[in-house]
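Colleague: I would like to go through this model with you, one packing contact and one residue at a time. Could you set it out for us to look at together?

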Amino acid sequence: MLFNSEIFLYFFLPLCLVLFYIIKGSRYRLETLILSFFSLLFYAWDEPKWLILLLISIVSNYFFAHKIYKDNRRYILTIGIIFNISLIAWFKYRYFIANTFLGSNIENNLFIPLAISFFTFQQIAFLVDIYDKSIKPLKFLDHLFFVSFFPQLIAGPIVLAKDIVPQINKMKDKQIINSFILGVFVFFVGLFKKVFLADNLVPYVNIGFNNIYNALTFIEAWSTISMFALQLYFDFSGYSDMAVGLGLLFGLRLPINFNLPYKSKSIIDFWKRWHITLTKFFTFYLYSPLSLYMSRVFSNNLIFLLIIPFLVTFILSGLWHGSDWKFVFFGLVNGVGLIVNHLWKFYKMPKLPYILGWLLTMMTILVSFVFFRANNMEEAMHFLSIMFNPSIFFSPHWLEQYIDIKFLKSAYIPLFSSGVFTVKYLVVFLFSFTLALKIPNVASINFKLKYNWYYASLLAILILFSIINLNKQVSFIYFQF
Amino acid sequence: MSQKKQILIKLQNIFRIIFDDDSIKLNSNTTAEDIEEWDSLNQIRIILACEKEFLVKLNPREINDFVNIGEMVEHLFSKNVKV
């Protein structure tokens, strides 16, 4: 079920809220039960068969958690992690592994169980935290709720038990009227980002990617991938805002996933602002232990401290997105960018002016997004060959009527075929880009909603524009992971 | 001088070396937000330097959970480190 579907907005969510608040007002402590029931229904709505897999994962990890806590043996943790990795390896990566390591030639068209990357990683982190004794195992119903809570189940944010469990216990008695109103606002900001901004950018991105082999030029390639960067941001940050907003409707504060990433002055800065919960997961549970282990065992130098752990981390985080080499390269470009950035800082090279740092960051990100968006490696490489071939820089042919630029070659450019369409394209881009920089991070705990006419009118506009655009119901990009 | 104070001073020296900044002054309320250069790489360098200085083994995830330097001092103190 999609957050931007009519069935969710007009039936599922209102019914869930009504029942939740009836239970909350009663003397029975059944809030987690009712929310877990609705969450499983939400998960099973489109593809009921994967519900079994989700439940197997939840029940197994529940037992692993108790066993790890009771015996405190590292080998049980290892078995638990291997179980989770095996589950995801089989259901998401088996063809990729067979093709890459066993020389098979199977078409990689697996139908991946919804949300498997999210609930698997969330529970791996949970088992490690249990082993560290930073949290205790949960009662079954709380464990079920922690993993399946529908706002975060399908595409994150990846929630750590230590952040959410203390809130579950307070859910019954908490006064949540302020949280509810804020939740409505945050949800509609997210819905607006998704259905009004992201979905309306899709045609501009598709026209470029559908014409990769059809005389795409330098300027079109950069424009297309820049538009995609905006689409991806509004799509995923919109989804994440909706998740935080929905959590607030039930009095729960989920972690934020984005913090104005396109303002980043460096690639290190970017990864502190983009998909924050995934970055934290990989930093806490992979990079830090790997870097420490290698530095302790081998040598405390930059090869073991920085370069190898970062490459491993980013290749795996790239693969987390999908079982394809293009995602390996998506991770690799970002990993190399981060290593260069860290080395630059480590050797105390001169600080770059903001605009130069920003440009280099955006160029790196855009190159990595080519791998993210292209349908396969061949397409990605061809697209990049256009982006880095200034000899095919042509100005649109119609521009000659207005300005005479001697040194520029003109050509018919499909993406900018007429002046009117070009102006429309530019307006859409500048409008979206400005909003990407200016829409405040409403999901952040630092955002304070004021009860005044300004915010009331803004909410009304957001609701209006979102509802008008609801009819498309385009799926979220991150649902495929 | 109390043992916690001594731990704090040693931590401050570690931070000054790692961030190459003699003006760093740590107190219990200092957080990662207060030191701009504090990133994932420097976090590991801090842990390694602490392990060497205090002769303890630290878990990076525990360090990540600390809200401020005060909690780090308490953690080292609880491990009976030699100062």
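Modeller: Before the first helix pair, one definition is needed: axes are lines fitted to C-alpha atoms, for helices over the stretch in contact, and angles run from 0 to 180 degrees between N-to-C directions. Please also keep in mind that this is a predicted model.

Colleague: Which residues of α5(A) make the contact with α3(A)?

Modeller: On the side of α3(A), the contact is made by L54(A), S57(A), N61(A), F64(A), A65(A), I68(A) and Y69(A). By class, the contact of α3(A) with α5(A) has ten nonpolar, four polar and no charged residues. The residues contributed by α5(A) are F119(A), T120(A), Q123(A), F126(A), L127(A), I130(A) and Y131(A).

Colleague: Taking I130(A) from that list, is I130(A) buried or exposed?

Modeller: I130(A) is found in helix α5 of chain A, and, leaving out residues up to four places away in sequence, I130(A) touches A65(A), I68(A), Y69(A), I135(A) and P137(A). Around I130(A) there are 25 other C-beta atoms within 10 Å, and because 20 or more are enough for the term, I130(A) is buried.

Colleague: Where does K133(A) lie, and is K133(A) buried or exposed?

Modeller: K133(A) lies in the loop between α5 (116-132) and α6 (140-148) of chain A, and its phi is near 65°, a positive value in a residue other than glycine. Most residues other than glycine have a negative phi. With 12 other C-beta atoms within 10 Å of K133(A), and with 12 or fewer as the limit, K133(A) is exposed.

Colleague: What is the phi of N72(A), and in which loop is N72(A) placed?

Modeller: N72(A) is exposed, with 12 other C-beta atoms within 10 Å. Its place is in the loop between α3 (50-71) and α4 (74-101) of chain A. Although N72(A) is not a glycine, its phi is positive, at about 50°.

Colleague: How do the residues of the contact of α1(A) with α2(A) divide by class?

Modeller: From α1(A) come F12(A), C16(A), L19(A), F20(A), I23(A) and K24(A), which meet E31(A), I34(A), L35(A), F38(A) and F42(A) in α2(A). The division by class is nine nonpolar, no polar and two charged residues.

Colleague: What is the hand of the crossing of α9(A) and α10(A)?

Modeller: The axes of helix α9 (residues 177-209) and helix α10 (residues 218-249) of chain A come within 7 Å and cross at roughly 160°, which makes α9(A) roughly antiparallel to α10(A). The residues of this contact divide into 25 nonpolar, nine polar and five charged. The crossing of α9(A) with α10(A) is left-handed.

Colleague: How far apart are the centres of domain 1 and domain 2 of chain A?

Modeller: Chain A is divided into domain 1 (1-174) and domain 2 (175-266 + 352-481), and 22 residues of domain 1 of chain A are in contact with 26 residues of domain 2 of chain A. On the side of domain 1 that touches domain 2, α1 (6-25), α7 (150-153) and α8 (161-170) of chain A each supply at least two residues. Taken over C-alpha atoms, the centres of domain 1 and domain 2 of chain A are separated by 29 Å.

Colleague: Is F330(A) buried or exposed?

Modeller: F330(A) is found in helix α14 (residues 325-346) of chain A. Leaving aside neighbours within four places in sequence, F330(A) is in contact with G318(A), H321(A), S368(A), F371(A) and F372(A). With 27 other C-beta atoms within 10 Å, F330(A) is buried.

Methods. Residues numbered from 1 in each chain as written. Chains lettered and ligands numbered in written order. Predicted model: local features only at pLDDT ≥ 70, side-chain atom pairs only at ≥ 80, totals over all residues. Helix = DSSP H or I, 4+ residues; strand = E, 2+ residues; numbered from the N terminus. Parallel < 35°, antiparallel > 145°, perpendicular 65-115°, else oblique. Left-handed = near helix turned anticlockwise from the far one by under 90°. Nonpolar A, V, L, I, M, F, W, Y, C, P; charged D, E, K, R; others polar. Contact = placed C-beta atoms within 7 Å. Domains from an automatic or database assignment.
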